[in-house]
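Morning, everyone. Please have a look at the sequence and the model, and then I'll take you through a few spots.

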Amino acid sequence: MCEDHRHYLSRRRLLADGAAATFMGGLALPAAAQQKQPAAAPNAISPDDALKRIMDGNRRYVANATRSKDFSAGRAARAAAQYPIAAVLSCADSRVVPELIFDQGPGDLFIIRGAGNFVDNDGLASLEYGVKFLGTPLIMVLGHSGCGAVTEAVKVVEEKLALPGHLAGLVDAIKPAVLMAKKAKAKNLIDEAIADNVRYNVRKLQKAKPIINGFVRSGKVKVIGGVYDIATDKVTLL
């Protein structure tokens, strides 16, 4: 019986070791990818350095002097890991393309998009992932000129417009910015509401507990806002 017990334990140990090896093998990177792992994460930079890099990129884009990119370069490294230097909470507007606006390549920006560029629970979770697990040092809330979502929110407030489907919920998220712009007696209510919507969501993210607020307080992450002018391609920081 002892002999059988020892045999059973040995067999169980072999199976356990085999399962562990299979699991680790599934997580292991190909040899080529392992060799290309950087000693320090490429996005292990300060929030201010990250901001400078994307704003320098925007200046190149405005000047039509964007860098020539070989998109085949770095494919193996990108398949192994990602190191975005900034997360961008952007509007879903088809004319707003953060990678182009900031002259960045694949893997450089972690982008969350939705009409009206406001923070909801899903977007917040994505940004928390970017900060906590990808090491992203910068979050930008990016509004844009002529935003349709903000324009509709202004109409709802000003004209009591009723919207179909789930659009009412979207507008409810933008209403605080419209009310802020109205209170300030802005000359151009839509433009001011676009800017106030960015500012409102920047503050919301800065206070977002438990993850983002902690990184902001430690100085490891900065949350900023900007407005992209579709006519000029320029991003103005707020």
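Ile-224 is buried, with a relative accessible area of 12%. Buried means under 20% relative accessible area, exposed over 50%, partly exposed in between, with a 1.4 Å probe and protein chains only. Ile-224 sits in strand β4, residues 222-228. Helices (H or I, at least four residues) and strands (E, at least two) are DSSP runs, numbered from the N terminus.

What does Ile-224 touch, leaving out residues up to four places away in sequence? Leu-51, Leu-138, Ile-139, Met-140, Val-141, Val-202 and Leu-237. Contact here is heavy atoms within 4.5 Å. Leu-205 lies 19 residues from Ile-224 in sequence, and 9.5 Å from Ile-224 in space, C-alpha to C-alpha.

A word on the source. This is a predicted model: local features need pLDDT of at least 70, side-chain atom pairs count only at pLDDT 80 or more, and totals for chains, interfaces and linings use all residues. Residues are numbered from 1 along each chain as its sequence is written, and side-chain values use heavy atoms, without hydrogens and water.

Confidence next. pLDDT is the predictor's confidence in each residue, from 0 to 100. The protein averages 87, and 84% of the residues score at least 70. Over residues 1-37 the pLDDT is below 50. Where pLDDT is low, the predicted coordinates should not be read in detail.

Last, a helix pair. The axes of α7 (residues 148-159) and α8 (residues 167-183) come within 8 Å and cross at roughly 70°. Axes are lines fitted to C-alpha atoms, for helices over the stretch in contact, with angles from 0 to 180 degrees between N-to-C directions. So α7 is roughly perpendicular to α8; that label covers 65 to 115 degrees, with under 35 roughly parallel, over 145 roughly antiparallel and the rest oblique.
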